[in-house]
Amino acid sequence: MHKVASALTIAGTDPSGGAGIQADLKVFQEQEVYGMSVITSVVAQNTLGVQDVQHLSIDFIEKQLDAVLTDIPPQAMKTGMIATVDMMELIAKKLANTDIPYVIDPVMVAKSGDSLMDEKSRQVIRNTLIPHATVVTPNVPEAEILVGFEIHDNQDAEKAAKVIVNDLGAKAAVVKGGHLEGAAVDVLYDGEDFYYLKADRFETKHTHGTGCTFSAAITAELAKGKQIKDAVVIGKDFITDAIQYPLELGNGHGPTNHWGYRLKSLPGQREVSK
């Protein structure tokens, strides 16, 4: 009997639907994976920004996790913004008892450039979550926090990805190049080889939830049994289409288009090279 793949997202909410739990579940559905969620924080936000946030208790988060893991164990899971050290330590404890592929979208820096974490939280991510990770997907500011040096070009991104894998303990890292000049190039290191995932850069303000969407697409493909490189390549295709076909919703940074990949892509738009 055919058994559908399932994936779990552990993150906060976005009532406007462009990021967080809501975005992840949309991506899972589009990728034909059964989506499940554990909510860590309830966030009042929209395309203009975050207005307020309330964190759920550690006890209740653990009950959500146990409810999923003891009934419908996922084939892959991901985390987005994990707000407190207690939450991180709880997730690390659960990960220690499983070999489920795990994707970290390390939400550490706001679009304004402001840090979202204190140094203790950064250390806990480095020391307790990243060693469990199958794939880590930082943008440039987040990667700089993780590795402790500035990233100015693809060579720096390559060096950072190598540190995240070889020194911090992840199986693979994708340093996203959206903050760098030129084409949108993401650098993937899988512990053996480097890959450059290239896409055209699109001038748009509708980029709310790009990190959530990209990491969720990778998670969905890992849940279906894809190898890391193939999952990341599909994730890059998915987020590129989500950006290039904007929905033009909201008064600020609008959401990406979670069904953009269904639309015909431009020939020769993307390439992957070693």
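This is a predicted model: local features need pLDDT of at least 70, side-chain atom pairs count only at pLDDT 80 or more; totals for chains, interfaces and linings use all residues.
Local features here need pLDDT of at least 70 and side-chain atom pairs pLDDT 80 or more, while totals for chains, interfaces and linings use all residues. Residues are numbered from 1 along each chain as its sequence is written, and side-chain values use heavy atoms, with hydrogens and water left out.

Colleague: How is helix 3 oriented to helix 4?
Modeller: Helices are DSSP runs (H or I, at least four residues), numbered from the N terminus. Helix 3 (residues 85-95) and helix 4 (residues 119-129) have axes 10 Å apart, at an angle of about 5°. Angles under 35 degrees count as roughly parallel, so helix 3 to helix 4 is roughly parallel.

Colleague: Which residues in helix 4 meet helix 3?
Modeller: Contact means heavy atoms within 4.5 Å. From helix 3 come Val-85, Met-88, Glu-89, Ile-91, Ala-92 and Leu-95, and their partners in helix 4 are Lys-120, Ser-121, Val-124, Ile-125, Thr-128 and Leu-129.

Colleague: How many residues of helix 3 are buried?
Modeller: Buried means under 20% relative accessible area (1.4 Å probe, protein chains only). Val-85, Met-88 and Lys-94 are among the buried residues of helix 3. Helix 3 is mostly covered, and of its 11 residues the buried number is 8.

Terms used
Axes are lines fitted to C-alpha atoms, for helices over the stretch in contact, and angles run from 0 to 180 degrees between N-to-C directions. Helices (H or I, at least four residues) and strands (E, at least two) are DSSP runs, numbered from the N terminus. Angles under 35 degrees count as roughly parallel, over 145 as roughly antiparallel, 65 to 115 as roughly perpendicular and the rest as oblique. Buried means under 20% relative accessible area, exposed over 50%, partly exposed in between (1.4 Å probe, protein chains only).
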